[in-house]
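Here are my notes for you, written as numbered points. Keep the model open while you read, and look up each spot as we reach it.

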Amino acid sequence: MEPGVSAAPSPDVTHPLQGARIILAVSGGIAAYKAADLTSKLVQSGAVVEVILTAGGQEFVRPLTFQALTKRAVHTDTFAPWTGTSFGHITLAREAELLIVAPASANTIAKLALGLADDLLGAVALSTEAPLLLAPAMEHGMYHHPATQEHLATLLQRGATVVGPESGRLASGYEGDGRLVPVETILGRARALLGRDGPLAGKHVVVTAGGTREPLDPVRFVGNRSSGTMGYALAQAAIDCGAEVTLITTTTLSPPVSAAIVAVETAEQMRAAVEQAITGADVLIMAAAVADFRPDQPQQRKIKKRPDQHVMDLRLTQNPDIVASIDRPGLLKVGFAAETDDLVANARGKLTAKGLAMIVANDVVDTIGSAESVATIILPDRPPDELPRMSKQRLAAEIVARLLPLLDPEDTNGA
Ligand code: CTP
């Protein structure tokens, strides 16, 4: 996975997994071994993880595996004796902020849909108000059986989130549907579910990321060094706060799990995608490095050199300024200013000229293609807010935090 875009959060960022009380139920299936990796990543992300192993789960993995990873007792028994402050499934269910079932076997899915409470997971699932995240994994035939499909439909209709399964090679050696989704996907969904009631709940944020590629011919393009990391971090930070996010991107980094992705290449394609995505949106964050110029006449066939040709002239034509051209009442526009000189003055000029609510200025030499950034955040009529060097994930969280009062000015007394 590319740096900076993993669902596992960067250590210097506050995020919804931190301190979250999560029940991870592991049911019977060979994919149960992958639940150990999921447990480890949840714990590393700062979550407090209580593991329930069903009877089927225990056939594939041992409680000690999860005990070692969580440093907590693993729950297997509905009728385990109650201790002073812990009342079995009642305490587990009450304290949980999220119930993940991964892998979810066909049997467990059936139990949950029917509301059976003949084991600890069934009892907890009936008692808890926490959202339910299911990651099914089973044989192709079991997954496609009408019974399983109906049970999944019932759970979806009740508000459960279902991720996967994926297609591919199954434990049996056959190809089919039924593979557990990657652990990163479950982690990303968990992160989004825990953040869904955050301060951006109900808001739609559109983010652009990466450098545009302007074709010269079918093989070559004019581009820049932007990696897209900043835009991806912003998309994740907005999801962490509960926003619905559309990420318009030129890169192939692995995207935040819950973002709607629109892949583009050129400035012209990005402009069209932005115009479509901002319908009904609340915020547009233009983190993309849009090429100011594109080859005047891109060739349909590869440009060949002649032996006697020592120079080649390239004629460029100006691209539209995407963010400046958008003028939709109620849409908050955030821009970036990539500068090598006169950082604050140039950025302030762009803030005004492009009608932005905020601009993030950074020294392009220091920032482009790097995992870190030194940024100055500029708002109209305020002194520049110079931030220290930090990861792009942390900077994204700082930017989103400064956006909140602009969206609901009354809530914050203009702070
Ligand atoms: N931008 C845009 N469309 C363009 C060029 C830039 O929407 N054709 C956006 C960028 O995404 C960024 C902001 O405008 O949010 C500033 O981009 P930047 O490249 O720093 O500035 P330019 O306006 O291109 O000016 P210059 O390159 O001359 O510094």
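**Notes on the model**

1. Pro 165 is found in the loop between β5 and β6 (166-169). A cis peptide bond, with omega about 5°, joins Gly 164 to this Pro 165. Helices (H or I, at least four residues) and strands (E, at least two) are DSSP runs, numbered from the N terminus.

2. Before going on: this is a predicted model, where local features need pLDDT of at least 70 and side-chain atom pairs count only at pLDDT 80 or more, while totals for chains, interfaces and linings use all residues. Residues are numbered from 1 along each chain as its sequence is written, and side-chain values use heavy atoms, with hydrogens and water left out.

3. There's another cis peptide bond between Ala 102 and Pro 103, with omega about -5°. Pro 103 lies in strand β3. As background, most peptide bonds are trans, and most residues other than glycine have a negative phi.

4. Now find the open sheet of 5 strands, in the order β2-β1-β3-β4-β5, with parallel pairing. Two strands pair if DSSP finds at least two bridges between them. At the edges sit β2 (48-53) and β5 (161-162), each pairing on one side only. Strand β1 (residues 21-26) is joined to β2 by 6 bridges, and Ile 23 stands opposite Glu 50 in β2.

5. Which strands does helix α9 (residues 183-195) lie across? They are β1, β3 (98-104), β4 and β5, and α9 runs at about 160° to β3. Axes are lines fitted to C-alpha atoms, for helices over the stretch in contact (heavy atoms within 4.5 Å). Angles run from 0 to 180 degrees between N-to-C directions. Helix α8 lies across β4 (132-136) and β5, at about 155° to β4.

6. Helix α5 (residues 106-114) packs against α8 (residues 146-157) at about 50°, with axes 9 Å apart. The two are therefore oblique to each other (under 35 degrees is roughly parallel, over 145 roughly antiparallel, 65 to 115 roughly perpendicular, and the rest oblique). Residues making the contact include Ile 109 and Leu 112 of α5, and His 151 and Leu 155 of α8.

7. Last, check two aspartates. Asp 342 has a positive phi of about 45° although it is not a glycine, and Asp 381 has one of about 60°. Asp 342 is exposed, with a relative accessible area of 59%, and Asp 381 counts as exposed at 80% (buried is under 20%, exposed over 50%, partly exposed in between, with a 1.4 Å probe and protein chains only).
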